[in-house]
Amino acid sequence: MHKKSYRQNVRERITSGRYSEYKGLSICMINDFYEPMTMNKKIKYQVHCRSFSGLYEDIEEALNKFFELRRKMR
């Protein structure tokens, strides 16, 4: 049986309307949490922590930034 990577698990959580968090760093599909973002019909993902906050249209870019910041927090 193929075991899912942590990255795949995070992607599935985000695309199913949930979020993922690690020591104050979070990633989510912001459209699910903030109504005005849906007006432009583009899906946006937010990566956020105390020292950084960014919006991404591409989930891979958002995941890359999330894991980059996560590695620095370890």
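The model is predicted, so local features need pLDDT of at least 70 and side-chain atom pairs count only at pLDDT 80 or more, while totals for chains, interfaces and linings use all residues. Residues are numbered from 1 along each chain as its sequence is written, and side-chain values use heavy atoms, with hydrogens and water left out.

The protein chain has two helices and four strands. Helices (H or I, at least four residues) and strands (E, at least two) are DSSP runs, numbered from the N terminus. Along the sequence, these elements follow the pattern α-β-β-β-β-α.

The four strands form an open sheet in the order 1-2-3-4, with antiparallel pairing. Two strands pair if DSSP finds at least two bridges between them. Strand 1 (19-22) and strand 4 (52-56) are the edge strands, and each pairs on one side only. From one strand to the next, the twist averages 10 degrees. Strand 2 (residues 25-29) pairs with strand 3 (residues 45-49) in the antiparallel sense over four bridges. Opposite Tyr45 in strand 3 stands Met29.

Axes are lines fitted to C-alpha atoms, for helices over the stretch in contact, and angles run from 0 to 180 degrees between N-to-C directions. Contact means heavy atoms within 4.5 Å.

In the loop between strand 1 and strand 2 lies Lys23. Lys23 is not a glycine, yet has a positive phi of about 45 degrees. With 58% relative accessibility, Lys23 counts as exposed. Buried means under 20% relative accessible area, exposed over 50%, and partly exposed in between (1.4 Å probe, protein chains only).

Of the 74 residues of the protein chain, 36% count as buried. In soluble globular proteins, nonpolar side chains tend to be buried together. A nonpolar core is a set of buried Ala, Val, Leu, Ile, Met, Phe, Trp, Tyr and Cys residues joined through side-chain atoms within 4.5 Å. The largest such core has 15 residues, of which Ile14, Ile27, Val47 and Leu63 touch the most other members. At least two residues of this core come from each of helix 1, strand 2, strand 3 and helix 2. Helix 2 gives the most, with six residues. Beyond its neighbours within four places in sequence, Ile14 is in contact with Ile27, Cys28, Met29, Asp32, Tyr45, Ile59 and Leu63.

The structure holds two aromatic pairs. Tyr6 and Phe67 form an edge-to-face pair, 5.8 Å centre to centre and with 80 degrees between the planes. Tyr6 lies in helix 1 and Phe67 in helix 2, so this pair ties together parts that are 61 residues apart in sequence. Tyr6 is partly exposed, with a relative accessible area of 37%, whereas Phe67 is buried at 12%. The ring centres of Phe66 and Phe67 are 5.2 Å apart and their planes stand at 85 degrees, so this pair is also edge-to-face. Rings of Phe, Tyr and Trp (its six-membered ring) pair if their centres lie within 6.5 Å; planes under 30 degrees apart count as stacked, over 60 as edge-to-face and the rest as tilted. Ring pairs link Tyr6, Phe66 and Phe67 into a cluster.
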